[in-house]
Amino acid sequence: MELKKFAVLALAALMIVTFAACSNNAEVQSEPESSSESSQPEESSDAQASKTPEEFAEEIGYMTLEEITAAGYYPDWMQPHTYIVYDENCVPEIIAGGELTIEDAMNMEEFPMMDFCQFDDEMKIEPNTKAEYDLHGFIQNIYHLWPDGSYNLDYPPENLQSNG
């Protein structure tokens, strides 16, 4: 019985020493040793605020909804809770929310780190679809028009049969 108590206490002491060593090591690694080794700090929001909207738009590659639609793609960013319906000719109609303006984008810290539009096959506009944007304004889902007039994540049954 004494041996079990000793083993448990020794294991607990070993765990405490290990955790203490790891936390000290993490603190040492997180602090740069000299200013020459530290990386360039990211641009602060004050520096972004000093830019004109035109400079900011050029830096992030801002495109209007018209420009993105003309290129044939869904925009990755819109105002939060936006819904855009695309008709059979892929013409967009905003039914809720709206287009993200340069001023809106300048106030969003995460926006410069994300693409404004992904130019890949998955993001090409399909006729009779509805794009939904989440509470941050990022594209969340693309729905397809079904024969009954509802929008669903799956393709309509006739497309499922012909594709599959």
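## Exercises on a predicted model

In strand 2, V85 has E93 as its bridge partner. Keep this pair in mind as you work through the exercises; the model is a predicted one.

**Exercise 1.** Find out which strands pair with strand 1, and in which sense.

*Solution.* Begin with strand 1, residues 83-86, and strand 2, residues 92-96: they pair in the antiparallel sense over 4 bridges. Next, look at the hairpin that these strands make: 5 residues stand between them, and C90 takes a positive phi near 65° there. Now turn to strand 3, residues 129-133, which also pairs with strand 1 in the antiparallel sense, over 4 bridges. Finally, return to V85: its bridge partner in strand 2 is E93, and its bridge partner in strand 3 is K130.

**Exercise 2.** Work out which residues form the negative surface patch, and which helix gives the most to it.

*Solution.* First list the members: E54, E55, E58 and E103. Then check the helices: helix 3, residues 53-60, gives the most, with 3 residues. E103 is found in helix 5, residues 102-106.

**Exercise 3.** Locate M63 and decide whether it is buried or exposed.

*Solution.* Start with the place: M63 lies in the loop between helix 3 and helix 4 (65-71). Then take its relative accessible area, 19%; buried means under 20%, so M63 is buried. To finish, compare M63 with L100: they are 37 residues apart in sequence, and their C-alpha atoms are 9.7 Å apart in space.

Notes. Residues are numbered from 1 along each chain as its sequence is written. This is a predicted model: local features need pLDDT of at least 70, side-chain atom pairs count only at pLDDT 80 or more; totals for chains, interfaces and linings use all residues. Side-chain values use heavy atoms; hydrogens and water are left out. Two strands pair if DSSP finds at least two bridges between them. Helices (H or I, at least four residues) and strands (E, at least two) are DSSP runs, numbered from the N terminus. Patches are made of residues with over 30% relative accessible area and no salt bridge: like charges are joined within 9 Å, nonpolar side chains (Val, Leu, Ile, Met, Phe, Trp, Tyr) within 5 Å. Accessible areas come from the Shrake-Rupley method with a 1.4 Å probe; for residues, only the protein chains shown count as cover. A salt bridge is a side-chain nitrogen of Lys or Arg within 4 Å of a carboxyl oxygen of Asp or Glu. Lys and Arg count as positive and Asp and Glu as negative; His and the chain ends are not counted. The place of a charge is taken as NZ of Lys, CZ of Arg, CG of Asp or CD of Glu. Buried means under 20% relative accessible area, exposed over 50%, partly exposed in between (1.4 Å probe, protein chains only).
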